[in-house]
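Hi there,

Here is the structure I promised to pass on. Have a look at it first, and then read on for what turned up.

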Amino acid sequence: MAVTVILPQVLQADAGGAKHIAVERPDGGEPLRAVLDELARRHPRLDRRVRDERGALRRFVNVFVGDEECRALAGLDTPVPDGTEVRILPSVAGG
């Protein structure tokens with residue numbers, strides 16, 4: 001039972017160059033928080049770019065579970081069904 005985390009190029013260096021990371025989960029019913037905890041265990045630098053010291057998503061990082069931004073759902077408690085793609089996207093600013 002796994003989900004796939006997809007990273008943009010700007011975050012790939014913090015994950016050892018990976019664009020896609022498969023996250024295996026024992027029961028397949030964990031929330032987004034558990035997926036990010038596993039990423040943090042494997043790639044601590046990536047976690048520091050995605051979450052703050054309290055474990056909350058950084059303000060300028062968007063995480064999509066399937067096609068929905070997690071903040072529009074249940075935030076870090078959003079269920080992540082098996083086979084789902086989770087996309088982590090930092091916000092882009094400028095003109």
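In what follows, two residues touch, or are in contact, when they have heavy atoms within 4.5 Å of each other. Please also keep in mind that this is a predicted model.

With that in hand, let me begin with isoleucine 6, which lies in strand β1. Leaving aside residues up to four places away in sequence, isoleucine 6 touches Lys19, His20, Glu85, Val86, Arg87 and Ile88. Is isoleucine 6 buried or exposed? Its relative accessibility is 13%, and the cut-off for buried is under 20%, so isoleucine 6 counts as buried. Proline 79 is 73 residues away from isoleucine 6 in sequence, and their C-alpha atoms are 17 Å apart in space.

Valine 5 has its own list of contacts. With residues up to four places away in sequence again left out, valine 5 touches Lys19, His20, Ile21, Val23, Val35, Leu39, Val86 and Ile88.

That brings us to the largest nonpolar core, which has 22 residues. Which of its residues touch the most other members? They are Val5, Leu7, Leu32, Leu39, Val63 and Ile88. At least two core residues come from each of β1 (2-6), β2 (20-24), α2 (32-42), α3 (44-50), β3 (61-65) and β5 (85-90). The largest share belongs to α2, which supplies 4 residues. As general background, nonpolar side chains tend to be buried together in soluble globular proteins.

Now for the chain as a whole. The protein chain has 3 helices and 5 strands, and from the N terminus on, the order of elements is β-α-β-α-α-β-β-β. A compact globule of 95 residues would have a radius of gyration near 12 Å, and the protein chain agrees because its value is 12 Å. Along the principal axes, the C-alpha trace spans about 40 × 30 × 25 Å.

A few totals may be handy for your own set-up:

- Of the 95 residues in the protein chain, 41% count as buried.
- Taking contacts between residues at least 6 apart in sequence, 52% join residues at least 24 apart.
- The protein chain exposes about 5500 Å², and carbon and sulfur atoms supply 52% of that area.

Note on methods:
Residues are numbered from 1 along each chain as its sequence is written. This is a predicted model: local features need pLDDT of at least 70, side-chain atom pairs count only at pLDDT 80 or more; totals for chains, interfaces and linings use all residues. Side-chain values use heavy atoms; hydrogens and water are left out. A nonpolar core is a set of buried Ala, Val, Leu, Ile, Met, Phe, Trp, Tyr and Cys residues joined through side-chain atoms within 4.5 Å. Buried means under 20% relative accessible area, exposed over 50%, partly exposed in between (1.4 Å probe, protein chains only). The radius of gyration is taken over C-alpha atoms; the globule rule is 2.2 Å times the number of residues to the power 0.38. Accessible areas come from the Shrake-Rupley method with a 1.4 Å probe; for residues, only the protein chains shown count as cover.
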